[in-house]
Amino acid sequence: MLASVQGIMQGIGESDRGRIAESARLSGNRMARATPNTVRARLPQSFKDIGGPTHMMFEELAVRAETDEMDMIARDAGKLMNQCMTCHATFRVQ
Ligand code: HEC
């Protein structure tokens, strides 16, 4: 997801919509679906409640990258990064 954020930021800087969309999709539904069931079964619901919407926000950003102004995309990316902050503040791997 850090790589996605990096690509999104660079894409915004270069007004490269394709790059933003491609970077965002890396952390979208595809990543959510790639979570193995064995891992999924052990994750607390409170983790999934933050993680699930985060992947959806990446998908939404990928769609918005096609049409929205760059400053709006940057605003959305900032909001998305609140998800990173929220989850990291709560969860640690033991
Ligand atoms: C649903 C929870 C959750 C969300 C949302 C989340 N993370 Fe994480 N992230 C974690 C956990 C848990 C770890 C492991 C922390 C630890 O090592 O104790 C982690 C670790 C990381 C690491 C360190 C990886 C490593 O190899 O050590 C990076 C970088 C990172 N996250 C980036 C992000 C970014 C960027 C976002 C937002 C786009 C994000 N994360 C959103 C839960 C989350």
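Trainee: Which helix holds His88?

Mentor: This is a predicted model, so keep that in mind throughout. Look along the chain for His88. The element that holds His88 is helix α6.

Trainee: Which protein residue is a donor to the iron atom of the ligand?

Mentor: The iron atom has a single donor from the protein. The donor atom is NE2, 2.0 Å away. The cut-off for a donor here is 2.8 Å, so this atom counts. The residue is His88.

Trainee: What is the volume of the largest pocket?

Mentor: First, picture the lining. It has 26 residues, and those nearest the centre are Met1, Phe47, Gly51, His55 and Cys87. The volume of the largest pocket is about 730 Å³.

Trainee: Which helix gives the most to the lining of the largest pocket?

Mentor: Several helices take part. α1 (2-13), α3 (29-33), α4 (37-42), α5 (45-64) and α6 (70-90) each supply at least two lining residues. One gives the most, with eight residues, and that is α5.

Trainee: How many residues in the lining of the largest pocket are nonpolar?

Mentor: Sort the lining by class. Seven residues are polar and three are charged. The nonpolar residues number 16.

Trainee: Is the pair formed by the rings of Phe47 and Phe91 stacked or edge-to-face?

Mentor: The structure holds one aromatic pair. Its ring centres are 5.0 Å apart, and the planes of Phe47 and Phe91 meet at 80°. Planes over 60 degrees apart meet the cut-off, so the pair is edge-to-face.

Trainee: How many residues apart are Phe47 and Phe91?

Mentor: The pair links distant parts of the chain. Phe47 sits in helix α5, and Phe91 in the segment after α6. Their separation is 44 residues.

Trainee: What does Phe91 count as, by its accessibility?

Mentor: Take its partner first. Phe47 has 28% relative accessibility, so Phe47 counts as partly exposed. Phe91 has 22%, which lies between the 20% and 50% cut-offs. Therefore Phe91 counts as partly exposed.

Trainee: Is Ser27 buried or exposed?

Mentor: Ser27 is placed in the loop between α2 (17-26) and α3. Leaving aside neighbours within four places in sequence, Ser27 is in contact with Met1, Ser4, His55 and Phe58. Its relative accessibility is 1%, and the cut-off is under 20%, so Ser27 is buried.

Trainee: What is the relative accessibility of Ser23?

Mentor: Ser23 has its place in helix α2. Not counting residues up to four places away in sequence, Ser23 touches Ser4, Gly7 and Ile8. Ser23 counts as buried, because its relative accessibility is 9%.

Trainee: How far apart in space are Arg19 and Gly7, C-alpha to C-alpha?

Mentor: Arg19 is in helix α2. Leaving aside neighbours within four places in sequence, Arg19 is in contact with Gln6, Gly7, Gln10 and Gly11. Arg19 and Gly7 are twelve residues apart in sequence, and their C-alpha distance is 6.6 Å.

Trainee: How far apart in space are Asn37 and Ile8, C-alpha to C-alpha?

Mentor: Asn37 is in helix α4. At 60% relative accessibility, Asn37 counts as exposed. Asn37 and Ile8 are 29 residues apart in sequence, and from C-alpha to C-alpha they are apart by 29 Å.

Trainee: What is the phi of Ser15?

Mentor: Ser15 lies in the loop between α1 and α2. Ser15 is not a glycine, yet its phi is positive. The value is about 50°.

Conventions
Residues are numbered from 1 along each chain as its sequence is written. This is a predicted model: local features need pLDDT of at least 70, side-chain atom pairs count only at pLDDT 80 or more; totals for chains, interfaces and linings use all residues. Side-chain values use heavy atoms; hydrogens and water are left out. On a 1 Å grid over the protein atoms alone, a cavity is a set of points where a 1.4 Å probe fits but cannot get out, and a pocket is an open set with protein on both sides within 12 Å along at least five of seven lines; lining residues have an atom within 4 Å of a point. Grid points are joined across faces, edges and corners, and a volume is the space filled by probe spheres set on the points. Helices (H or I, at least four residues) and strands (E, at least two) are DSSP runs, numbered from the N terminus. Ala, Val, Leu, Ile, Met, Phe, Trp, Tyr, Cys and Pro count as nonpolar, Asp, Glu, Lys and Arg as charged, and the others, Gly among them, as polar. Rings of Phe, Tyr and Trp (its six-membered ring) pair if their centres lie within 6.5 Å; planes under 30 degrees apart count as stacked, over 60 as edge-to-face and the rest as tilted. Buried means under 20% relative accessible area, exposed over 50%, partly exposed in between (1.4 Å probe, protein chains only). Donors are N, O and S atoms within 2.8 Å of the metal (3.2 Å for Na, K and Ca); water is not among the atoms, so sites may look incomplete. Contact means heavy atoms within 4.5 Å.
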